[in-house]
Amino acid sequence: MAKRNATLSVRFFKIILQTNLQTLKIPNKFTKSYGVGLSNPVLIKPPDGTNWKVYWKKVNGEIWFEKGWKSFTQNYSLQQGCLVLFKYRKGTSNFNVIILGQNTLEIEYDPSSYTDDDKNENVGDSDDESVKILDEKNNSTIDHSDDESVEILDEWPKRKKNKQRSPIGRSPRPHKKVRGETENTTKSTSSLNWPKEAKAQKVAAKFNSSNPFFTILIKPYQLVKGQMCVPSLKGVIENKEKHVMLQIGKRSWNLKLLCSDDKNGRRLSAGWSKFASESGLQPGDVCIFELINKKDLVFNVHVF
């Protein structure tokens with residue numbers, strides 16, 4: 001049996017708390033058995049095909065995920081009460097993960113939140129270097145009791161690259177409203193998407209306009225990439241390469257809107273980096289792109 005167990009995968013889970021959104025301590029049982037030889041960085045691999053580089057540090061014999069972990073938690077809007085299930089196979093430095101939301105169901109991994117380039121590399125937060133690990137002796141809110149969550153298992157839910165549902169189900173996305181629909185809700189009937197982040201949802205719910213609009217919560221990697229994923233805009237803008245204008249106040253920027261290769265969304269391309277830099281966008285900003293001129297494709301951008 002010992003020989004058989006040596007080839008099995010190890011799984012452990014971590015419950016997300018406010019104290020581990022920026023740094024995460026790996027269970028001590030895992031560190032003792034598999035910490036030696038673990039490369040730095042490791043790769044965290046969600047079901048959407050992206051690879052997230054996360055650097056770790058060893059402190060008092062404990063392994064802590066640091067640089068890159070905050071980017072991962074922000075990208076998937078992890079909040080207190082979420083759960084991340086890790087799968088590790090001995091001899092590698094890859095962690096396949098499944099994310100469960102606060103409702104205990106697996107989340108839907110938004111394909112519009114990353115580009116093909118993101119599958120090979122993620123951009124860490126610039127402020128990750130300033131993150132300090134809290135000393136458990138001085139902070140009683142850090143609970144290491146979940147070290148008991150490490151378990152040797154020989155099964156992992158089989159997953160295909162198509163949209164096969166997990167056996168435990170998935171957390172449904174809020175209904176996307178389109179113009180002409182009626183529903184007793186505070187959401188605007190002209191909203192073209194419904195963001196998954198709570199902060200962005202609040203902004204979208206309060207924004208009223210007779211013009212179509214979509215809402216994006218800005219993430220760190222979106223400010224350094226040359227492109228920005230946006231909704232498909234189906235039925236609003238023809239699915240062809242277009243030139244659009246973004247304006248904030250009296251300033252304006254010309255960008256290229258690429259056509260969609262699939263049904264998941266489109267991309268703002270040439271000019272996006274200049275817009276992001278000159279407009280002063282910051283990670284965590286919520287942007288509403290309001291289409292105020294359908295003929296000339298002019299978007300008024302509201303930053304919250």
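Me: What is the relative accessible area of Arg251?
Reply: This is a predicted model; local features need pLDDT of at least 70, side-chain atom pairs count only at pLDDT 80 or more, and totals for chains, interfaces and linings use all residues. Residues are numbered from 1 along each chain as its sequence is written, and side-chain values use heavy atoms, with hydrogens and water left out. Buried means under 20% relative accessible area, exposed means over 50%, and partly exposed lies in between (1.4 Å probe, protein chains only). Arg251 counts as partly exposed because its relative accessible area is 43%.

Me: Which residue meets Arg251 in a salt bridge?
Reply: A salt bridge puts a side-chain nitrogen of Lys or Arg within 4 Å of a carboxyl oxygen of Asp or Glu. Here the N to O distance is 3.3 Å, and the partner of Arg251 is Glu278.

Me: How many residues apart are Arg251 and Glu278?
Reply: Helices (H or I, at least four residues) and strands (E, at least two) are DSSP runs, numbered from the N terminus. Arg251 lies in strand 13 (residues 251-258), and Glu278 lies in helix 5 (residues 272-278). The pair links distant parts of the chain, with a separation of 27 residues.

Me: Is Glu66 buried or exposed?
Reply: Glu66 forms a salt bridge with Lys57, with the closest N and O atoms 3.9 Å apart. Lys57 is partly exposed, at 43%. Glu66 has 12% relative accessibility, so Glu66 counts as buried.

Me: Which residues are linked with Lys240 in a network of salt bridges?
Reply: Side chains of opposite charge can pair when their charged atoms come close. Lys242 is partly exposed at 24%, and Glu238 is partly exposed at 42%. The network links Lys240 with Glu238 and Lys242.

Me: How many salt bridges does a search of the whole structure find?
Reply: The pair Arg251 and Glu278 is a salt bridge, and so is the pair Glu66 and Lys57. The search of the whole structure gives a total of six.

Me: Within what arc do the buried residues of helix 4 fall?
Reply: In helix 4 (residues 198-206), Ala200, Val203 and Ala204 are buried. Seen down the helix axis, they line one face, because they fall within an arc (of the directions from the axis to the C-beta atoms) of 95 degrees.

Me: Which strands do the buried residues of helix 4 pack against?
Reply: Lys202 and Lys206 are exposed on the other side of helix 4. The buried residues pack against strand 10 (213-217) and strand 15 (286-293).

Me: What is the distance between the C-alpha atoms of Phe30 and Ile63?
Reply: Phe30 sits in helix 2 (residues 28-34). Phe30 counts as buried because its relative accessibility is 1%. Phe30 and Ile63 are 33 residues apart along the chain, yet their C-alpha atoms are separated by 9.3 Å.

Me: Which residues is Thr31 in contact with, leaving aside its neighbours within four places in sequence?
Reply: Thr31 is also in helix 2. At 5% relative accessibility, Thr31 counts as buried. Contact means heavy atoms within 4.5 Å. Thr31 has such contacts with Ile26, Val36, Lys58, Gly61 and Ile63.

Me: What share of the 304 residues counts as buried?
Reply: The protein has five helices and 16 strands. Among contacts between residues at least 6 apart in sequence, 60% join residues at least 24 apart. Of the 304 residues, the buried share is 45%.
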